[in-house]
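I opened my notebook to look up a few spots in this structure. Here are my entries.

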Amino acid sequence: MITTEFVNGAPNWLDLSTPDMDGAISFYGGLFGWTFQSAGPEAGGYGTFQLEGRTVSGAMTVTAEQGEPGWTVYFQSADADATAKAVEQAGGGVLLRPMDVFDLGRMAVFTDPAGAPFGIWQPGKNKGLEYIKDDGSLNWVELYVPDVSEAKRFYGSVFDWGAFDVEFPGGSYTTVNPPGTDENAMFGGMVPLGSDPAEAGADPHWTPYIHVSDVDGVADRAQELGGTVRSAPVSIPGVGRIAKLVDPYGAGFAVLKGDPEQG
């Protein structure tokens, strides 16, 4: 489960890369009620999305030369440099080496062996996301890779995650949890890339799930705001109702309304 207890190895930050910041502000504001707060000119245009005065994600403008639109999930590290070394030793790549972000913390961005990008955040004054689990905030993260077994090996080596396979008719779903915890602390899952038609042709990636009270209404609203429904709303017993969406500028994400019976 994603919490604001800021546990090592768990998601503690999320940010959007977009070619059109004004358009993204309008889209996510209309979809989730988020507002944007700039970090100031010294931050190069970086800022945060806020809900009820609390941070739900970061956001920045990127050009085509700098990278593709998308969401990046960050996991907490107590030592960014040590994590960078662990990533390389486990067969991952380094996109951005550990660097200080003023006195707020220390960050780095990597790829796993399949090529899925992810980041780490070593907290300083900024401990991480302030608003999670509730409507309009990060609730789950999901990795799509060709080989789940290899992903479990890699992330287990880097973060010491636990992994638990949940059986369901026709297969299983791998969940992950921070070191020293059990499946009750799971915060995300791993899915074979070829098993979901909505992911056909996609590169390996992490997808953030935003919790909402009305998945169908949010999917409809996303289209009204210029976005795309990549996977229509569907109910999964014991999980809830989900839909996969893409914003008008190409960043993919998902929305979820949890099954109240699964707690």
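Where is the place of G53? I found G53 in the loop between β3 (47-51) and β4. The model is predicted, so I noted that local features need pLDDT of at least 70, side-chain atom pairs count only at pLDDT 80 or more, and totals for chains, interfaces and linings use all residues. Residues are numbered from 1 along each chain as its sequence is written, and side-chain values use heavy atoms, without hydrogens and water.

**G53.** At 60% relative accessibility, G53 counts as exposed (over 50% is exposed, under 20% buried, in between partly exposed; 1.4 Å probe, protein chains only). I then checked E130, which is 77 residues from G53 along the chain. Their C-alpha atoms are separated by 9.1 Å.

**T55.** I located T55 in strand β4 (residues 54-61). Is T55 buried or exposed? It counts as buried, because its relative accessibility is 9%. Leaving aside neighbours within four places in sequence, T55 is in contact (heavy atoms within 4.5 Å) with residues including W13, L129 and E130. The side chains of T55 and Q50 are joined by a polar contact of 2.9 Å.

**Helices.** I turned to helix α2 (residues 80-89) and helix α3 (residues 148-159). Their axes come within 9 Å and cross at roughly 150°. That makes α2 roughly antiparallel to α3 (over 145 degrees; under 35 is roughly parallel, 65 to 115 roughly perpendicular, the rest oblique). T83, A86 and V87 in α2 meet F154, V158 and F159 in α3. Those residues divide into five nonpolar, one polar and no charged.

Technical notes:
Axes fitted to C-alpha atoms, helices over the stretch in contact; angles between N-to-C directions. Helix = DSSP H or I, 4+ residues; strand = E, 2+ residues; numbered from the N terminus. Nonpolar A, V, L, I, M, F, W, Y, C, P; charged D, E, K, R; others polar. Polar contact = N/O pair within 3.5 Å; in protein donor to acceptor, adjacent residues only side chain to side chain.
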